[in-house]
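Hi,

Here is the structure I promised to pass on. Have a look at it first, and then read on for what I found in it.

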Protein chains: 2
Amino acid sequence: MNVQTIQVNVPAVEKDAYPIAIGEGIIPEVLSDVRSKRPKLRAFVVTDAAVAGAGHLHTLLGGEKVGTFVIEPAGEASKHIGTVTAIVETMEKAGLGRDTVVLALGGGTVGDIAGFAAAIFKRGVPVVQIPTTTVAQADSAIGGKTGVDSLISKNAYGVFWHPAAVYIDVRTLTTLDERQYRAGLAESVKHAAILDAEYFEWLETHAETILKRDMQVLGRLASMNCTIKASVVEEDPTEKNKRRILNYGHTIGHAVESASGYELLHGECVAIGMAAAGQIETELGLVGDNRLERIESLLKGLGLPTRIPADLPSARLIDLLRTDKKAMAGRPRFVLLERLGMALCRDGQWAHEVSEDTVRKVVKQMLDKQ
Amino acid sequence: MNVQTIQVNVPAVEKDAYPIAIGEGIIPEVLSDVRSKRPKLRAFVVTDAAVAGAGHLHTLLGGEKVGTFVIEPAGEASKHIGTVTAIVETMEKAGLGRDTVVLALGGGTVGDIAGFAAAIFKRGVPVVQIPTTTVAQADSAIGGKTGVDSLISKNAYGVFWHPAAVYIDVRTLTTLDERQYRAGLAESVKHAAILDAEYFEWLETHAETILKRDMQVLGRLASMNCTIKASVVEEDPTEKNKRRILNYGHTIGHAVESASGYELLHGECVAIGMAAAGQIETELGLVGDNRLERIESLLKGLGLPTRIPADLPSARLIDLLRTDKKAMAGRPRFVLLERLGMALCRDGQWAHEVSEDTVRKVVKQMLDKQ
């Protein structure tokens, strides 16, 4: 018998779009809005104990009976496959099938877990993201990245699953504790640093009002973040190349987060990671301006750390960098800046391999000697 | 603050294609072929104890050292999230990242598990399917369906993840035990019944040579199955509608499979399910020819069952049908025939709701009274 070849053609997938609604006090209208747009689907809410405790679940449901899964404990510790299977089994026990729409009410962890559960439930049901934290409203609720951690690395499991809609109610930020609130602002600094020098200046001049949680300013912040993030996601939805710039600060950031045993918050680690990226740029002779000073000064002004805590095990850090999902053949890759407001692109690439020696040196420099 | 809306555009995904190579004794060339086409990726093999025991893993690797995960025990019992996490953690411990290509060597279960693991590992790495059973070569290795079962239902977890390539070596079928071999032939009968009356006749005249595992005939069988399956998948890759016809025999089939505690093989249950679909057609007054007799006669000729074992708990069966993933609002849906070689389409729909009364009646009739 000769070898015969049959070709299977996978047709193109048409372009799509989803809306992000930004406002103050809009959560009570979300459920009816989702239902009016998807009348055949049954809603299922995923949230966590902290968000439910802050009253947002009650505000969303308005007394209606809707299947709900409350993640406990809130936070990164629950971001694993066990939580996903518990959510799926709860949906199955409630008799839900492919006619489900999942509403993810909460911060980045809730969005990641619920988005992933929706993506893999019966080969995918729609998810509506209702982010309630600075980090989720600026970043994680938009763009379709979902996933959970393995015992070995962050987001070891995940798929791209674009939300069907996003509702950003800036009023939810008023109940966020101060540390969480500040940590999420790191993603705003990230957006400004890689793509928008004017926005960076706006952040510098508005740092104080942002910390006071002025609703008008937070509306503007959400709008700027969503516009920037949407533009990047549109250009490269599955992160083949340019979308990697959103990982600015995240290479060392993820490793620090993991090495801290998640004692440090994601945004705090991204802040440290952005400072580290600046140090790498300095080591590589890429810096000819005061951008590192301005970035560190803005981060400090927003109450964010810029150094690796001295008690973090640096050997573990280096090890984690080698298994980072952006690594190629064991070598970690970093997003760096060309200048403030523009990420560095070399030979068409936006993520850059950096030698282990340089990484080790920078990690050593970055350890907080206090 | 007024509500502001920002639209996120998700760009179209370009059409794609993947090859299915069909031949006898081609497995020794697969590894080098995959590497020549994807030189930057590192191979990782997923197989099971039965396939490795039959010598196919050795044939694939040819003495080379390649990271491998052997699923134990072989079969449906391992088709759960725990196996997927074990595979992912093995890949992580081997230092593999997004630069991985997963080779799925085995039957339908291996393909489903390995395809799902590849799809959700670091947001997706390519998978090459190397099916070694009649069911996988006819059906499951093509079309991108992946998934694993929950404690509650079959394929509760899954995503669409098209293979990067498929290699069908019909020689692997010579090591398959008789019951597995026959069971997989049900999918060939399915393809013929829903789409190709001429192929159905060919199966009727070649049933005996097929059972003798004549290599030339098996090559023709694989080629017919792949051509039919590819045409359906191309038309509707994510099963929005017409692809549902491939679920012919699968509604009651899946329920029987589950209610039997997986004592019955998938193909055996599909055979029973096709007979059941015929009974439903009769109940609904849709039959005016001898197709049910011909289908049952061909199934019997291939050594397949056409009745539900009398000891299966029928209440559990009915219950399972309500949570079947094709169910809408708790009502199961069935693919039925217009005539032999053509599935029934009504109002543009290929899966049809059938009343619980009719389903109960047919299940009762189908119980094997012996």
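Let me start with the sheet in chain A: E2(A) pairs with strand E9 (residues 165-169) of chain A in the parallel sense, over four bridges. By "pair" I mean that DSSP finds at least two bridges between the two strands. Helices (H or I, at least four residues) and strands (E, at least two) are DSSP runs, numbered from the N terminus. Within this pairing, Ile22(A) has Ile168(A) of E9(A) as its bridge partner.

Before I go further, some housekeeping: this is a predicted model, with local features needing pLDDT of at least 70 and side-chain atom pairs counting only at pLDDT 80 or more, while totals for chains, interfaces and linings use all residues. Residues are numbered from 1 along each chain as its sequence is written, and chains are lettered from A and ligands numbered from 1 in the order in which they are written.

**The sheet and its helices**

The pair above belongs to an open sheet of seven strands with mixed pairing, in the order E4(A)-E3(A)-E5(A)-E6(A)-E9(A)-E2(A)-E1(B). Strand E4 (67-71) of chain A and E1 of chain B are the edge strands, each with a single partner strand, so one side of each has no neighbour in the sheet. Ignoring direction, neighbouring strands are turned by 15° against each other on average. (Axes are lines fitted to C-alpha atoms, for helices over the stretch in contact, and angles run from 0 to 180 degrees between N-to-C directions.)

Two helices to look at here: helix H1 (residues 30-37) of chain A packs on the sheet and touches strand E3 (42-48), strand E5 (100-106), strand E6 (127-131) and E9 of chain A. The direction of H1 makes about 145° with that of E3(A). Helix H5 (residues 108-120) of chain A also packs on the sheet, touching E3, E4, E5 and E6 of chain A, and its direction makes about 170° with that of E5(A). Contact, here and below, means that the C-beta atoms of two residues, placed from the backbone, lie within 7 Å.

**Between the chains**

Strand E1 (residues 4-10) of chain A and E2(B) pair in the antiparallel sense over seven bridges, and Thr5(A) has Ala21(B) as its bridge partner in E2(B). What does the whole contact take from each chain? There are 68 residues from chain B and 68 residues from chain A. On the chain B side, strand E1 (4-10), strand E2 (16-23), helix H4 (81-93), helix H5 (108-120), strand E8 (157-160) and helix H9 (215-235) each supply at least two residues. H9(B) gives the most, with nine residues. By class, that side has 34 nonpolar, 21 polar and 13 charged residues. (Ala, Val, Leu, Ile, Met, Phe, Trp, Tyr, Cys and Pro count as nonpolar, Asp, Glu, Lys and Arg as charged, and the others, Gly among them, as polar.)

**Domains of chain A**

Chain A is divided into domain 1 (20-175) and domain 2 (178-366), with bounds from an automatic or database domain assignment. Their centres, taken over C-alpha atoms, are separated by 25 Å. In the contact, 24 residues of domain 1 meet 27 residues of domain 2. H6(A) gives the most to the domain 1 side, with five residues.

**Helix H11 and two partners**

The axes of helix H11 (residues 266-283) of chain A and helix H12 (residues 291-301) of chain A come within 10 Å and cross at roughly 165°. The two are therefore roughly antiparallel, a label for angles over 145 degrees. In this contact, Ala271(A), Met274(A), Ala275(A), Gly278(A) and Thr282(A) of H11(A) meet Leu292(A), Ile295(A), Glu296(A) and Leu299(A) of H12(A).

With helix H14 (residues 356-366) of chain A, the axis of H11(A) again comes within 10 Å, crossing at roughly 125°. H11(A) and H14(A) are therefore oblique to each other, the label for what is left once under 35 degrees (roughly parallel), over 145 (roughly antiparallel) and 65 to 115 (roughly perpendicular) are taken out.

A cis peptide bond joins Glu72(A) and Pro73(A), with omega about -5°. Pro73(A) lies in the loop between E4 and helix H4 (81-93) of chain A. In chain B, Glu72(B) and Pro73(B) are joined by a cis peptide bond with omega about -10°.

Cheers
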